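Have the structure open while we talk.

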Amino acid sequence: MIKAGLTKEHKEMLLTYGLLISNLDSCYVASYKQGEYITQENNLLDWIGIVIQGKAKVCCTSANGKNLVLCYFISSGIIGGLEMMTNTPNATASMIALTDFKCIVIPSKNNCHLLKQNVHFLNQLCFELSNSLVRSSNNFVSSSLHTGEQRLCSYILEVSYKNLFRDVLTDVACSIGLSYRHMFRILNQLCRDGILEKKQSGYQIINKKQLELKAINKYNT
């Protein structure tokens, strides 16, 4: 992670959340490389973030250490809002950068009281937390009503970067509710169908249109 100062554009972004940089203390911009952890579940999270650019995967783990089906993606909005509102000192989920990722960091220690008194910021946070709840419900429905192939194809479309899908496959299987063996059979079939091609660095998407047709219908409506 690399730290940098805020530019005029970053200060204007804060204004859209009802925040004045002159009222905040020790803010900075954090930059993360693809694959880098932004937050780690159960580790100290002593800041609030506002996404500037990039895409990240958010996931939780069960007691046995496996990723749950609860897995979603973030490319805008607030990081750490749930922890702030519940006074939870540690991150409730892990967030991993899928692309180069930047966010404005607002340290909690000297700013939390101000954020909790800012109605504009709280309204935006409530809106985003509500959307997260809907997203979690949709994930549950997806596991119940869609095939393993549909879930895997949708996941590949979500996390691929420049048409390259690379992720820890054991984590992928847990995230979409499949056994590793079953998921690997689907990947092999997608390669045989000419939709994906196995590379040393991951899986290259060869036929994105066909992949979208096999995914959950939000990609082919």
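Q: Before we start, what am I looking at, and what is left out?
A: This is a predicted model, where local features need pLDDT of at least 70, side-chain atom pairs count only at pLDDT 80 or more, and totals for chains, interfaces and linings use all residues. Residues are numbered from 1 along each chain as its sequence is written, and side-chain values use heavy atoms, leaving out hydrogens and water.

Q: How many aromatic pairs does a search of the whole structure find?
A: In general, a pair of aromatic rings is described by the distance of the centres and the angle of the planes. Rings of Phe, Tyr and Trp (its six-membered ring) pair if their centres lie within 6.5 Å; planes under 30 degrees apart are stacked, over 60 edge-to-face, the rest tilted. Here the search turns up four. One of them is F73 with Y155, edge-to-face at 5.9 Å centre to centre and 65 degrees between the planes.

Q: Where in the chain do F73 and Y155 sit?
A: Helices (H or I, at least four residues) and strands (E, at least two) are DSSP runs, numbered from the N terminus. F73 is in strand β6 (residues 67-74) and Y155 in helix α5 (residues 148-159), so this pair links distant parts of the chain, 82 residues apart.

Q: Is Y155 buried or exposed?
A: Buried means under 20% relative accessible area, exposed over 50%, partly exposed in between (1.4 Å probe, protein chains only). Y155 has 4%, so it counts as buried; F73, at 18%, counts as buried too.
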